[in-house]
There are 2 protein chains.
Amino acid sequence: MNRYKCIISYDGSGFSGYQVQPNKRTVQCQIEAVLAKIHKGSDVKIAASGRTDAGVHAKGQVIHFDSPLSLPTEKWGLAINSMLPEDISVISVEKADSTFHARFDANGKEYRYFLYQSQKRDPFQRNYAFHYPFPLNLALMRKASIYLLGTHDFSSFCSARTEVEDKVRTIETIEILQDGERISFRFIGNGFLYNMVRILVGTLIEVGSGKRQPEEIVEILEKKDRRYAGKTAPGQGLYLWKVFY
Amino acid sequence: MNRYKCIISYDGSGFSGYQVQPNKRTVQCQIEAVLAKIHKGSDVKIAASGRTDAGVHAKGQVIHFDSPLSLPTEKWGLAINSMLPEDISVISVEKADSTFHARFDANGKEYRYFLYQSQKRDPFQRNYAFHYPFPLNLALMRKASIYLLGTHDFSSFCSARTEVEDKVRTIETIEILQDGERISFRFIGNGFLYNMVRILVGTLIEVGSGKRQPEEIVEILEKKDRRYAGKTAPGQGLYLWKVFY
């Protein structure tokens, strides 16, 4: 058996998220269907660095799979891409150590979130950014983001639906940049809980719009209760950008 | 009656083109359905500067319609946008002279065409640009484009399916720009025939790839026969950018 590590990119608009669900079009289903074809009908399971929700995009999701076939890695990419639908693409394939695991070996992730502030809706951004046509004070948002940096229990910034016990994570970097009507958020950390980036963005937006003070972040973290944080920002603005190993 | 001129933008990916067709989702249908709602069920026909094909986008399509209602123009925009699907947006509404006609009064148009050359397919560009992963010589393409400038019979650059008799048009501007892996074409002229921009781009690509010499443009124009020009470039790279009055 050979273990392969692949970096994949997908436009989440047409998927009910990453993970296999009965009767739904998911990223995992599509890739496993292609691998089954390449393996003449044999099931080949893939493991990803983590799930993404419906509508959420990936520029650098990482998966691994095992195969008895030993094609050159460039051939693997061409073979898989030629059978994948146009909204998923394999960026690279490399041979990995037989112990490599896309999820358990990941020691960090980068997510980005995009919003645009134009007064009119932009049809070309509807699936790729959050339309927020109100003013935002970036200085206040950056001030709030400093309280989020470092190691904290992020229970307040995590969907109540999560099954994970340990909610302590470390955020290394939060960057908030403006380019005309476009605002981008960049988060790098050792791991992110279910909906965590979207709740962080939603809360930072409430700070930027003046509904909350930057200092409230301290209290929200202390409460360890989802109800104290802001709204969950919509999925279409979110991109799993990179996974670190 | 009041006549209104609207600039609209749409993502063509989800439409069978601009014009009404039975049982198809078209831009015109969607807008007329919204206007019928605003007019309590009365039909309100719209006229556009011209059609766009399936998958072709518009940043600045222009339409007009007549209405007995006399709302402030900003209210019109908000009312229509609140009922339109997310892939169409009204950019502006203004009161027009009762003799204004979106098609007959147009005296020029700008189209843009985008292609990207990255080796890997990009899921985020699949509906918005043409993936052409081969080298292109821009100097040759620019040289060829000079032969297209000015007033010519463009029969060779027009779909055989067209019904228009007079195929003489004037192209004022052709710009070909490169930004990393992205190449953009900009065409400004007094009017464009059916599929003309896509055939121009397809032919320029054949020049850029070395299949044709720039000088062949002269002969193609003289032949006045579609079979002498290059392939029709795919629709998803094309944007109706602006209409001039």
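Is Tyr111(A) buried or exposed? In this predicted model, Tyr111(A) is buried, with a relative accessible area of 9%; buried here means under 20% relative accessible area, exposed over 50%, and partly exposed in between, using a 1.4 Å probe and protein chains only. UniProt lists Tyr111(A) under "binding site", in an unreviewed entry. UniProt positions follow the numbering used here, feature names are shortened, and annotations may be inferred rather than shown by experiment. The residue Tyr111(A) sits in strand E5 (residues 108-116) of chain A, where helices (H or I, at least four residues) and strands (E, at least two) are DSSP runs numbered from the N terminus. Beyond its neighbours within four places in sequence, Tyr111(A) is in contact (heavy atoms within 4.5 Å) with residues including Phe185(A), Phe187(A), Leu238(A) and Trp241(A).

Residues are numbered from 1 along each chain as its sequence is written, and chains are lettered from A and ligands numbered from 1 in the order in which they are written. Local features need pLDDT of at least 70 and side-chain atom pairs count only at pLDDT 80 or more, while totals for chains, interfaces and linings use all residues; side-chain values use heavy atoms, with hydrogens and water left out.

Chain A can next be viewed through its domains. The domain assignment, which is automatic or from a database, gives domain 1 (2-96) and domain 2 (108-244) of chain A. Their centres, taken over C-alpha atoms, are separated by 28 Å. Between them, 14 residues of domain 1 are in contact with 14 residues of domain 2. The area buried between the two domains of chain A is about 1,100 Å², with carbon and sulfur atoms giving 54%; buried area is the accessible area (1.4 Å probe) that two parts lose on being put together, summed over both. On the domain 1 side, Asp53(A), His57(A) and Lys59(A) lose the most area to domain 2, together 43% of what that side buries. One salt bridge is counted between the two domains, a salt bridge being a side-chain nitrogen of Lys or Arg within 4 Å of a carboxyl oxygen of Asp or Glu. Arg198(A) forms a salt bridge with Asp53(A), their closest N and O atoms being 3.4 Å apart.

The interior comes next. In soluble globular proteins, nonpolar side chains tend to be buried together. A nonpolar core is a set of buried Ala, Val, Leu, Ile, Met, Phe, Trp, Tyr and Cys residues joined through side-chain atoms within 4.5 Å. The largest such core has 66 residues, and Ile31(A), Phe65(A), Ile80(A), Phe157(A), Phe185(A) and Phe187(A) touch the most other members. Helix H4 (residues 196-208) of chain A gives the most to this core, with eight residues, and the core draws at least three residues from each of domain 1 and domain 2 of chain A. A second, separate core of 65 residues includes Val27(B), Leu35(B), Ile38(B) and Leu115(B).

Most residues other than glycine have a negative phi. Lys40(B), however, has a positive phi near 50 degrees; Lys40(B) lies in the loop between helix H1 (27-38) and strand E2 (47-48) and is exposed, at 80% relative accessible area. Asn195(B) also has a positive phi, near 70 degrees, in the loop between strand E9 (182-189) and helix H4 (196-208) of chain B, but Asn195(B) counts as buried at 14% relative accessibility.
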